[in-house]
Amino acid sequence: MNGVAVVMRKAPYGSVYTAEGFRTIVGIAVFELDISVLFVDDGVYALVRGQDPSQLSMKPLGDGFPTLTEFGVTKFFVHDQSLAERGLTLKDLVMDAEIVDSARIAQILETVGKVLPF
Amino acid sequence: MKMGILVLEGPYQHQAADSAYHFVKAAQARGHQIVGIFLYTDAVNNANRFIDPPGERNIAKRFDDLAAQGIPVVACTACAKFRGLRPDLKTEHVRLSGLGSLAQYLRDADRFVTFGD
């Protein structure tokens, strides 16, 4: 199956990137693509528990990611250094994900070949 | 080699649309095939046929010309709706379609390149 890595790099509400990254995963998952989702840099904030952007008239993004398993998307990777630099741990996140270092991220991107950075 | 392209930024504000165009031209000049260009999020604005910059490069015309050559150039239907880009405002050869087209280009391409912020 064709591999695709979707990389979340940005904070969830400052731009549309994370929301559209999420929408892309939902949109392409049904077309027999083997999708890995990576969270790096400010992208790790997309997974933080208890997001409430209601004062921005926006919908919370974090709760959507655990539902991606219903679309057959099960590979989630979070960059360890990005988490640590922001004072976060796996317990702060809305879902279980594999915590990986930079070398492993590089290896995943190289193995998958096609990368969609959001 | 077969290449797919994703563009995530609109015209003039950001270099992404220009870079995508120049990349496609350079790839073609080297004999590569472009399987499709997907205009997503603000990039749908690169398909507005009323873009008319006095004395400057016309970014909408560039993408329309690529589409006229036979390269599939697709603007995301939902993104167009969000931005008021009605079908009658769209350049002639760019098509409106959904993320299925992006999935198709991802499958067809040997290499896939994203131009965004």
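Predicted model: local features only at pLDDT ≥ 70, side-chain atom pairs only at ≥ 80, totals over all residues.
Reader: What share of the contacts in chain A joins residues at least 24 apart?

Author: Take the contacts between residues at least 6 apart in sequence: in chain A, 74% of them join residues at least 24 apart.

Reader: Okay, on to the two chains together. How many residues of chain A are in contact with chain B?

Author: Twelve residues of chain A are in contact with 13 residues of chain B. On chain A's side, β1 (2–8), α1 (17–29) and β5 (114–117) each supply at least two residues. α1(A) gives the most, with four. Sort that side by residue kind and you get seven nonpolar, three polar and two charged.

Reader: Let's pick a helix in chain B. What should the 14 residues of α1 span?

Author: Count 1.5 Å a residue, and helix α1 of chain B (residues 16–29) should span 20 Å; its end C-alpha atoms are 20 Å apart, which agrees.

Reader: Which residues of α1(B) are buried, and where do they fall when seen down the axis?

Author: The buried ones are B:A16, B:A17, B:A20, B:Y21 and B:V24. Seen down the axis of α1(B), they fall within an arc of 140°, so they line one face of the helix. The face turned away from that buried side carries B:A26 and B:A29, which are exposed.

Reader: What do the buried residues of α1(B) pack against?

Author: They pack against β1 (2–7), β2 (33–39), α2 (59–68) and β5 (111–115) of chain B. After α1(B) comes B:G31, with a positive phi near 85°.

Reader: Which residues touch the most other members of the largest nonpolar core?

Author: That core has 74 residues, and B:V7, B:I37 and B:L39 touch the most other members. Look at B:I37: leaving out residues up to four places away in sequence, it touches B:I5, B:V7, B:A20, B:V24, B:L66, B:I71 and B:V73. One of these, B:A20, is also among the buried residues of α1(B).

Reader: Back to phi. Is it mostly negative or positive in residues other than glycine?

Author: Most residues other than glycine have a negative phi. Now try A:D41: its phi is positive, about 50°, and it is not a glycine. A:D41 lies in the loop between β2 (33–39) and β3 (75–79) of chain A.

Reader: Does A:D41 count as buried, partly exposed or exposed?

Author: Count the C-beta neighbours inside 10 Å. A:D41 has 16, so it counts as partly exposed.

Reader: And what is phi of B:T41 near?

Author: Phi of B:T41 is near 45°, again a positive value in a residue other than glycine. You'll find B:T41 in the loop between β2 and α2 of chain B. With 26 other C-beta atoms within 10 Å, B:T41 is buried.

Conventions. Residues numbered from 1 in each chain as written. Chains lettered and ligands numbered in written order. Contact = placed C-beta atoms within 7 Å. Nonpolar A, V, L, I, M, F, W, Y, C, P; charged D, E, K, R; others polar. Expected span 1.5 Å × (residues − 1). Buried ≥ 20, exposed ≤ 12 C-beta atoms within 10 Å, placed from the backbone. Arc of directions from axis to C-beta. Core = buried A, V, L, I, M, F, W, Y, C linked by C-beta atoms within 7 Å.
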